[in-house]
Amino acid sequence: MKPQELLLDLVNVPAVNLLLNQLRTRCMTEYGHSYGVFQLGFLMGREAGFDNSEQYLLGMAGLLHDIGKVEISDITNKSGDLTDDEMDVVRTHPKRSYDLIKKWDLPEEVAWMAVAHHEFGRNRYPRDSYNGNGHDYSGAERRHGSSFTFEGAQVLCACDIFDALATQRSYKKPLEIDAAKDRFARDFVGNEIIRDALLRIEDLPVLYGK
Ligand SMILES: [Fe+2]
Ligand SMILES: [Fe+2]
């Protein structure tokens, strides 16, 4: 399967299309970032040996992981420094993504990967519990009884961190590829195999227009 074919399949799901259009309208930076995470996730999933249905779920999670930001776009679109209170609101976005994905009856695995997409970074959040069991993901792993969503969430987190470093955001300029790789290697605290797989992707310069 090619990434273009998977993307077409995903945007043909009406709820995915609708949510992506909301993201495009309200959070243009996140819209581009979501596509970047989708692209990296596809390469990482292929490397990890994910089958087509797993690639589909990871791809949807890549597109929708930050969808919760549509509800707080007045804060996430601000260009200056955020206050502590505003940062607290920003940290609610994985849970908001989870709720929106569930509200639209999209696959539960997608919701679990989305809610955990900041759990494997150095500054991981939420630090408090969404389900009363510490980090959200401990609950997700038990719930599914399989390693796919756990591995998928780490892949998603790795792609999220790298894409954020390598692209322009309202608060920073894009890093060059080598600098982004160095920062990523420090900031990603998940599985080392996943970390190294991202660092080995040969197409990073092409993906980031270098
Ligand atoms: Fe996020
Ligand atoms: Fe993200």
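Is the crossing of H2 and H4 left-handed or right-handed? The crossing of H2 and H4 is left-handed. The notes below set this pair in its surroundings; the model is a predicted one.

1. Overall make-up. The protein chain contains 13 helices and 0 strands. Of the 210 residues in the protein chain, 39% are buried. When contacts between residues at least 6 apart in sequence are taken, 69% of them join residues at least 24 apart.

2. H2 against H4. Helix H2 covers residues 14-26, and helix H4 covers residues 52-64. The two pack with their axes 10 Å apart and at an angle of about 25°. Because angles under 35 degrees count as roughly parallel, H2 is roughly parallel to H4. On the H2 side the contact is made by Val16, Leu19 and Leu20, and on the H4 side by Met60, Leu63 and Leu64. By class, the residues of this contact are 6 nonpolar, with no polar and no charged ones.

3. H1 against H4. Helix H1, residues 3-11, also packs on H4, here at an angle of about 70° and with the axes 10 Å apart. An angle from 65 to 115 degrees counts as roughly perpendicular, so H1 and H4 are roughly perpendicular to each other. H1 passes H4 in a right-handed crossing. Leu6, Asp9 and Leu10 of H1 meet Gln55, Tyr56, Gly59, Met60 and Leu63 of H4. This contact of H1 with H4 divides into 5 nonpolar, 2 polar and 1 charged residues. Met60 and Leu63 are named in the contact with H1 and also in the contact with H2.

4. The nonpolar core. The largest nonpolar core has 51 residues, and those with the most contacts inside it are Leu64, Val110, Ala158 and Phe162. At least two residues of this core come from each of H2, helix H3 (28-47), H4, H7, H8, helix H10 (148-166), helix H11 (177-187) and helix H12 (192-199). H10 gives the largest share, 12 residues. Leu64, listed among the core residues with the most contacts, is also part of the contact between H2 and H4.

5. Ala158. Leaving aside residues up to four places away in sequence, Ala158 touches Met44, Phe188, Gly190, Ile194, Arg195 and Leu198. Ala158 is one of the residues with the most contacts inside the largest nonpolar core.

6. Helix H7. Within helix H7 (residues 93-103), the buried residues are His93, Pro94, Ser97, Tyr98, Leu100 and Ile101. The buried residues of H7 pack against H2, H4, helix H6 (84-90) and helix H8 (108-115).

7. Asp105. What follows H7 in the chain? H7 is followed by Asp105, whose phi is positive, near 60°. Most residues other than glycine have a negative phi. Asp105 has its positive phi of about 60° although it is not a glycine. Its place is in the loop between H7 and H8. Is Asp105 buried or exposed? Asp105 counts as exposed, because it has 8 C-beta neighbours inside 10 Å, and the cut-off for exposed is 12 or fewer.

Conventions
Residues are numbered from 1 along each chain as its sequence is written. Chains are lettered from A and ligands numbered from 1 in the order in which they are written. This is a predicted model: local features need pLDDT of at least 70, side-chain atom pairs count only at pLDDT 80 or more; totals for chains, interfaces and linings use all residues. Axes are lines fitted to C-alpha atoms, for helices over the stretch in contact, and angles run from 0 to 180 degrees between N-to-C directions. Helices (H or I, at least four residues) and strands (E, at least two) are DSSP runs, numbered from the N terminus. Angles under 35 degrees count as roughly parallel, over 145 as roughly antiparallel, 65 to 115 as roughly perpendicular and the rest as oblique. A crossing is left-handed if the near helix is turned anticlockwise from the far one by less than a right angle, and right-handed if clockwise. Two residues are in contact if their C-beta atoms, placed from the backbone, lie within 7 Å. Ala, Val, Leu, Ile, Met, Phe, Trp, Tyr, Cys and Pro count as nonpolar, Asp, Glu, Lys and Arg as charged, and the others, Gly among them, as polar. A residue is buried if 20 or more other C-beta atoms lie within 10 Å of its own, exposed if 12 or fewer, and partly exposed in between; C-beta atoms are placed from the backbone. A nonpolar core is a set of buried Ala, Val, Leu, Ile, Met, Phe, Trp, Tyr and Cys residues joined through C-beta atoms within 7 Å.
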